[in-house]
Each structure stands twice: as C-alpha cells, then as structure tokens.
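Please read the sequence and the structure together, and keep both in view while working through the report that follows.

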Amino acid sequence: MSMRTRIKICGLTREEDVQAVVAAGADAIGFVFYPNSPRYVTPERAAELIRSVPPFITTVGLFVNATPDEVAAIVRVAPVSMIQLHGDETVAAAAAIAAAAGRQYMKVFRVKPDTLSHELLEYAQANRAASPLFTSLLLDTYVDAYGGAGKGFDWSLIPKDLAPRVVLSGGLSVHNATDAVVGVRPYAVDISSGVEAAKGIKDARKIADFVAAVRAGDAILESQAHHESSSEATVPR
C-alpha cells in the first residue's frame, strides 16, 4: 500500500504563495481568521485567494474562540472547504460552530509538557461522539498564544492507534519533517512559520523543500512496508 502523508500549508496571505503551495504539491491551504494573528486575512481577501485555488485542494479556515454566528458569517463570504478550531472551544461549542457553518472541522489539542497519552485519545473520542462533522485532532504545542509559534512537543506522547488519524503540527520544518513522518506516521502534517520568509510571507523554496522532506518520509515508510511484506512471504508455513 502506498504511504502518502497529506500536507497543509497554513497562514497564506498572497496569491504567489497560493501558487507556490499548489506547485509544490501540497494538499491543503489554510487561511487565518484570527484578527490578532500576523497572518490574519479578511474574509474578503480570503475569498479572492480561494478563487485562485484549483480543484481537489482543500481550503481551511482557522478560527480562535469565535462564535457560531461569526464563523458562519465568514464562511458565507469566504467559502472554505472545512474549518479548524484553534482556540479554547469546548467540545460542545466546537460541534455547534461546525453545525452553524455547515462544514467539517478539525479541533486543535495544544499539547503541554504534562499531557498524557490517554488524554489525546479521550479528547478525540469526545469530539467524534459530539458531531458527525468532526474529522480529526490537530496536535500543536501549548504556548501563550494561538498557533504559528513554531514550537515542538514530545511526539512519543501520541498513541500509535491515534497517530494515523491526526494532523501533526508545531515546530515542523524541512529539517525534521522526514523524521516526523517516519516516527509518528500521522495522517497529515501542518506547517506555517517553518516555511516563511517573514510572518505571513511564505518562501516558495522552503515550501518545496518541506514537501520533498515529507515525501522522503513516505518513501522510507513504503520501503519498510515492502521489506516487511517480503520477509513475511519468505517465512515457511
């Protein structure tokens, strides 16, 4: 089976960056609707950028502690494919926001140094039980701000049976993306500050290099799977 980790590039503000993400072969593009972020875009600006996105690339709107009405109003102007709730929304609030917006959603879990593995599993189960629109957890590092801090966390906390369903974020770069894919085996990776020339300004070369690093991890996993399959086939029955 082919291993292919999905890739999301978040915090885009310019047409040329959208083009760079598409050209590099990423799967998803994120727009930040949190006014305090240096990567913030207005709904109108996001709508312009979305019009330049070709088919089969997911557009994602990132929100922080917004109300259901606020999210629904923004999505009407900027028709993102799905939403990412990156604040302190409760499980019930996240479900209500998604229902109001009529979009599937990812919910962030900001991992602290004292976070336990079972807490990740329980949080994923609670969100899945609360709404049919829930798709996955996005695991990021806890800092005194929301998103884009570029800080990593201990990946060994992620339960093996949860990893194939999570989006891994926080402190990723071209230097550790291959190890992240091989070591964690997440469904997807999400990066923002790690591919920037400046806050809100992406670097096309860094984007391409990051995608290549993720694909290198996929190739290692596929090689390992092929080797394991070959070894099993040669074992006498």
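## A loop residue to begin with

Does P113 count as buried, partly exposed or exposed? The model is a predicted one, and in it P113 has a relative accessibility of 86%, so this residue counts as exposed. P113 is found in the loop between β5 and α5. Although P113 and D154 are 41 residues apart along the chain, their C-alpha atoms are separated by 7.9 Å.

## Strand β3 and its two partners

Strand β3, which spans residues 58-63, is mostly covered, since five of its six residues are buried. On one hand, β3 is joined to β2 by five bridges, and these two strands run parallel; within this pairing, I29 stands opposite T59 in β3. On the other hand, β3 is joined by four bridges to strand β4 (residues 82-85), and here too the strands run parallel, with G61 standing opposite I83 in β4.

The path between these strands passes through helices. A right-handed β-α-β unit is made by β2, helix α2 (residues 43-50) and β3, and a right-handed β-α-β unit is also made by β3, helix α3 (residues 68-77) and β4.

In helix α2, the buried residues are P43, A46, A47, L49 and I50. When one looks down the axis of α2, its buried residues fall within an arc of 165 degrees, and therefore they line one face of the helix. The elements that cover these buried residues of α2 include α1, β2, β3 and α3.

After α4 comes G102, whose phi is positive, near 70 degrees.

The side chain of T141 reaches the backbone oxygen of G152 at 3.3 Å. If neighbours within four places in sequence are left aside, T141 is in contact with R110, V111, K151, G152, F153 and G170.

## Charged pairs

Side chains of opposite charge can pair when their charged atoms come close. A search of the whole structure finds 13 salt bridges, and a few of them are described here.

What does the salt bridge between D27 and R4 tie together? The side chains of these two residues meet at 2.8 Å, N to O. D27 lies in the loop between α1 (15-24) and β2 (28-32), while R4 lies in the segment before β1 (6-9), so the pair ties together parts that are 23 residues apart in sequence. D27 counts as buried, at 16% relative accessibility, whereas R4 is partly exposed, with a relative accessible area of 38%. R4 and D27 also belong to a network of salt bridges that links them with R215 and D218.

Another salt bridge is formed by D17 and R14, whose closest N and O atoms are 2.9 Å apart. Here D17 is buried, with a relative accessible area of 3%, while R14, at 24% relative accessibility, counts as partly exposed.

A further salt bridge is found where the side chains of D209 and R205 meet, at 3.1 Å from N to O. These two residues are four residues apart in helix α7 (residues 204-234), and therefore they are separated by about one helical turn. D209 counts as partly exposed, at 31% relative accessibility, whereas R205 counts as exposed, at 53%.

Note on methods:
Residues numbered from 1 in each chain as written. Predicted model: local features only at pLDDT ≥ 70, side-chain atom pairs only at ≥ 80, totals over all residues. Heavy atoms only, no water. Salt bridge = Lys/Arg side-chain N within 4 Å of Asp/Glu carboxyl O. Buried < 20%, exposed > 50% of the residue type's maximum accessible area, 1.4 Å probe, protein only. Pairing = 2+ DSSP bridges. Right-handed = clockwise from strand over helix to strand, strands pointing away. Arc of directions from axis to C-beta. Contact = heavy atoms within 4.5 Å. Polar contact = N/O pair within 3.5 Å; in protein donor to acceptor, adjacent residues only side chain to side chain.
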